[in-house]
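Load the model and keep the selection tool at hand.

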Amino acid sequence: MRTFAIVAVVEGAAPDLFEWLAFHRAVGVRHFVIYDNGLDGEAAALLKAHEGIGVTALPCPTRIDMTPRFAAYNHFLASRARLFRFAVFLSLDEFLVPAPGRSIQDWIARIPPHAGAVVVNRRVFDTADRTKTPPGSCCAASPAPWRTRRTR
């Protein structure tokens with residue numbers, strides 16, 4: 001059984017997809033299950049290029065009774081969740097940031113074996129209306145909480 005996966009549904013051009021994947025790889029995530037809900041050719045090619053290093057790209061399932069996002073989540077839970085101890089469902093504008101100096105694997109190692117679920121605190125850094133994309137990367141455009149000192 002693999003330890004951890006990030007599950008996401010992506011669509012369109014997904015300009016931040018490479019940065020999002022690279023960031024999560026840098027903090028220790030090794031498995032991604034990405035549902036393609038109509039990606040453009042460039043983004044689809046990026047996912048295909050990463051298949052050998054832990055990225056599984058699947059077509060987004062279609063269901064008349066739910067949104068594509070929830071259809072994909074249900075598909076993962078029914079067909080792939082058993083392959084992982086834990087999974088997190090994220091969007092491309094959400095980043096899982098471990099404590100400074102730690103990796104995701106360090107954090108997971110501290111979870112008791114009997115835990116069936118884990119609650120993760122959420123911080124929102126950019127609530128402004130983004131009608132214009134700022135220059136540079138997604139991470140550079142937002143405050144860097146991983147660079148601040150912990151007070152505990």
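Begin with Phe4, Ile6, Leu17, Trp20, Phe32 and Ile34: in the largest nonpolar core, which has 26 residues, these touch the most other members. The model is a predicted one. Now colour the elements that supply two or more residues to this core: β1 (2–12), α1, β2 (32–39), α2, β4 (84–89) and α4 (104–109).

Return to Ile6 and show its surroundings. Which residues does Ile6 contact once neighbours within four places in sequence are left aside? They are Trp20, His24, Val29, His31, Phe32, Val33, Val88 and Leu90.

Zoom out to the whole protein chain. Five helices and four strands make up its elements, and from the N terminus they run β-α-β-α-β-α-β-α-α. The protein chain has 152 residues, of which 33% count as buried.

Next, select α1, residues 17–26. The buried residues in this helix include Leu17, Glu19, Trp20, Leu21, Phe23 and His24. Step past the end of α1 to Gly28, which follows the helix and has a positive phi, near 110°.

Two packed helices are described by the angle between their axes and the distance between the axes. Angles under 35 degrees count as roughly parallel, so α1 is roughly parallel to α2.

Which residues meet where α1 packs against α2? Show Leu17, Phe18 and Leu21 on the α1 side, and Ala43, Leu46 and Leu47 on the α2 side. Sorted by class, this contact has six nonpolar residues, no polar ones and no charged ones.

For the last stop, pick Ser103, in the loop between β4 and α4. A polar atom of the Ser103 side chain lies 3.2 Å from the backbone nitrogen of Gln105. Leaving aside neighbours within four places in sequence, Ser103 is in contact with Val27 and Pro98. Show both residues with Ser103 and Gln105 to finish the tour.

Notes
Residues are numbered from 1 along each chain as its sequence is written. This is a predicted model: local features need pLDDT of at least 70, side-chain atom pairs count only at pLDDT 80 or more; totals for chains, interfaces and linings use all residues. Side-chain values use heavy atoms; hydrogens and water are left out. Axes are lines fitted to C-alpha atoms, for helices over the stretch in contact, and angles run from 0 to 180 degrees between N-to-C directions. Angles under 35 degrees count as roughly parallel, over 145 as roughly antiparallel, 65 to 115 as roughly perpendicular and the rest as oblique. Contact means heavy atoms within 4.5 Å. Ala, Val, Leu, Ile, Met, Phe, Trp, Tyr, Cys and Pro count as nonpolar, Asp, Glu, Lys and Arg as charged, and the others, Gly among them, as polar. A nonpolar core is a set of buried Ala, Val, Leu, Ile, Met, Phe, Trp, Tyr and Cys residues joined through side-chain atoms within 4.5 Å. Buried means under 20% relative accessible area, exposed over 50%, partly exposed in between (1.4 Å probe, protein chains only). A polar contact is a pair of N or O atoms within 3.5 Å; within protein, one must be able to donate a hydrogen and the other to accept it, and residues adjacent in sequence count only if both atoms are side-chain atoms.
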